[in-house]
Amino acid sequence: MMPNRRQVLAVGGGGVVALIGPAFVLAGPVEEIRMQGTSRGEHVWFAPVGLAVAAGTTLRFVNLDPGNSHTATCYHPTLFDRPQRIPAGATPWDSDFLLPGDSFEVLLTLPGVYDFYCLPHEHAGMVGRIVVGTPGDAGWQGAATEAGDLSAVALDGFPSVEAILKAGRVMPPGQP
Amino acid sequence: MFLNLSAATFGIALMLAAPGLAQAEDVPEAAPPPAPYAKVSDLVALPDFLPGLGTLFVDPATLPAGPFLGYDRDGKLAATIFMTPIEDLQGGTSYNDLAVGSNDVSSVDIYYNAGHPGVEKPHAHVVLFHGADAKARLAE
Ligand SMILES: [Cu+2]
């Protein structure tokens, strides 16, 4: 199950979304967030659920769940009319459905907090948070403070910015 | 709508005092079942073969409950699956007189699923295995 059936690069901040081939060589660090679930689909999650990265990091979402499809979709008014939970000026991204083995990449350039969810599994608490840079960075934009239309189970899923910055990465409850 | 129990079949079932299962009598042992069945992976973004359930076919008009027909890697019918949203059950919806792919039911598994394309709401999977080896044939 090679994560190469679809490779998509979305460039945050520049308004550029480009299709690339697997041979494309990315400059800068690459971090991975896995989409996972139990074999019967009782539970689904992003791992890690919270991740701290430097500006200029490429994030790769990869679906390692053999029995389900997932998306990595950021909270933004232009995507399904959701509240904005990524820095102003950052380009919103939506991976669309990733089948098992598929992956999606997004380059994060603006410092701040990025909250995202899985379209079919937000109601099951499948959300995540990426912290780019640190609060001292120029232009830093912190976490959204309004709940908006998010359910309690989704809001409960975001680790605190402090916890993410302290640990670097936060795994979902019950995952090693 | 060959899946629905026809009046004639129902009459025969009564006469034979058959156990209360409505059989999808025209469902073939070998995939693919005829229209209105469609392959689930052609309808929504899901892989062709789902570990534990197999290659699924469903009549879209019967969503969400199904029956879904699960075929093994060799294209042989191995399970009939029903998917019943918890919220709908809680709200009083019942799913009655559902057809089965085969009357040869060796065992049944029931478990929770948090949702997937096609049946997004959290639901129960009710899996009727057709044959003692059916679960193993669908495992992966
Ligand atoms: Cu998901």
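Biologist: Where in chain B is the place of Pro36(B)?

Modeller: Pro36(B) sits in the loop between β1 (22–23) and β2 (38–39) of chain B, where strands (E, at least two residues) and helices (H or I, at least four) are DSSP runs numbered from the N terminus. The model is predicted, so local features need pLDDT of at least 70 and side-chain atom pairs pLDDT 80 or more, while totals for chains, interfaces and linings use all residues. Residues are numbered from 1 along each chain as its sequence is written, chains are lettered from A and ligands numbered from 1 in the order in which they are written, and side-chain values use heavy atoms, with hydrogens and water left out.

Biologist: Which peptide bond at Pro36(B) is cis, and what is its omega?

Modeller: The bond from Ala35(B) to Pro36(B) is cis, with omega near 10°. The bond from Gly66(B) to Pro67(B) is also cis, with omega near 25°, and Pro67(B) is found in the loop between β4 (54–58) and β5 (68–71) of chain B. Most peptide bonds are trans.

Biologist: Which parts of chain A do His70(A) and Met126(A) tie together?

Modeller: His70(A) belongs to the loop between β6 (57–63) and β7 (73–74) of chain A and Met126(A) to the loop between β9 (112–117) and β10 (127–132), so the pair joins parts that are 56 residues apart in sequence.

Biologist: What makes the pair Arg40(A) and Asp109(B) a salt bridge?

Modeller: The closest N and O atoms of Arg40(A) and Asp109(B) are 2.7 Å apart, and the term requires a side-chain nitrogen of Lys or Arg within 4 Å of a carboxyl oxygen of Asp or Glu, so the pair qualifies. The count between chain B and chain A is one salt bridge. Strand β8 (residues 107–113) of chain B gives four residues, the largest share of the side of chain B that touches chain A.

Biologist: How many residues of each chain are in contact, and how much area do the chains bury between them?

Modeller: In contact (heavy atoms within 4.5 Å) are 16 residues of chain B and 16 residues of chain A. The two chains bury about 1,200 Å², 60% of it on carbon and sulfur atoms, buried area being the accessible area (1.4 Å probe) that two parts lose on being put together, summed over both.
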